[in-house]
Amino acid sequence: MKFCSECGSKVVLRIPEGDTLPRYICSNCHAIHYQNPKVIVGCIPEWENKILLCKRAIAPHRGKWTLPAGFMENNETLAQGATRETFEEANARVEIRELYAIYSLPHISQVYLLFQAKLLDLDFSPGIESLEVRLFEEQEIPWDDIAFRVIHDPLKRYLKERHHGQPEPHIGIIDKRQD
């Protein structure tokens, strides 16, 4: 950040009085500009034990598979965001169920929330961000072609837990150093 979004003056990076972290502060109007993690919401859409995956049409990881997920928008709930992202990426309608996973990605300042979801019908097709969408049996999932670790790891865990009954909510951290 170089300029204040309030008045257009230059900003400086320093710790404001009463704070503990460096923030961008306007040298003119003294507005403090906080930069906080982005929230990503998505779901694990299921139909008769099959999982709906989307093949990415955009960078990063174009051509790799992922669950429908994306950045939350202002003025929506977590469930509304997951529903919207599923429709945008797969033209699929879902019923959002329980929260399944929360993952912190501190190295890129993101927080992922994944819900369990039920596909409402089989009327789905690639959205603008997808090359292909498809239902996969567990043994068909292209594990080596999953786009992101934050999708790969909870999906593996979910399927393992599904074999033993109801999947349990999970909180985790994906740190770049672990890759």
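Trainee: What makes Tyr100 buried or exposed?

Mentor: Its relative accessible area is 0%. Buried means under 20%, exposed over 50%, partly exposed in between, with a 1.4 Å probe and protein chains only. So Tyr100 is buried. Tyr158, at 1% relative accessibility, counts as buried too. Bear in mind that this is a predicted model: local features need pLDDT of at least 70 and side-chain atom pairs 80 or more, while totals for chains, interfaces and linings use all residues. Residues are numbered from 1 along each chain as its sequence is written, and side-chain values use heavy atoms, leaving out hydrogens and water.

Trainee: Why is the pair of Tyr100 and Tyr158 called edge-to-face?

Mentor: Rings of Phe, Tyr and Trp (its six-membered ring) pair if their centres lie within 6.5 Å; planes under 30 degrees apart are stacked, over 60 edge-to-face, the rest tilted. Here the centres are 5.1 Å apart and the planes at 85 degrees, so the pair is edge-to-face.

Trainee: How many aromatic pairs does that rule give?

Mentor: Two. Trp65 and Phe136 also form an edge-to-face pair, 5.0 Å centre to centre with 85 degrees between the planes. Trp65 is buried at 6% relative accessibility, and Phe136 is buried at 2%.

Trainee: What puts a charge over the ring of Trp143?

Mentor: The charged end of Lys156, 4.5 Å from the ring centre. The rule wants NZ of Lys or CZ of Arg within 6 Å of the centre and within 35 degrees of the ring normal, and Lys156 does sit over that ring.
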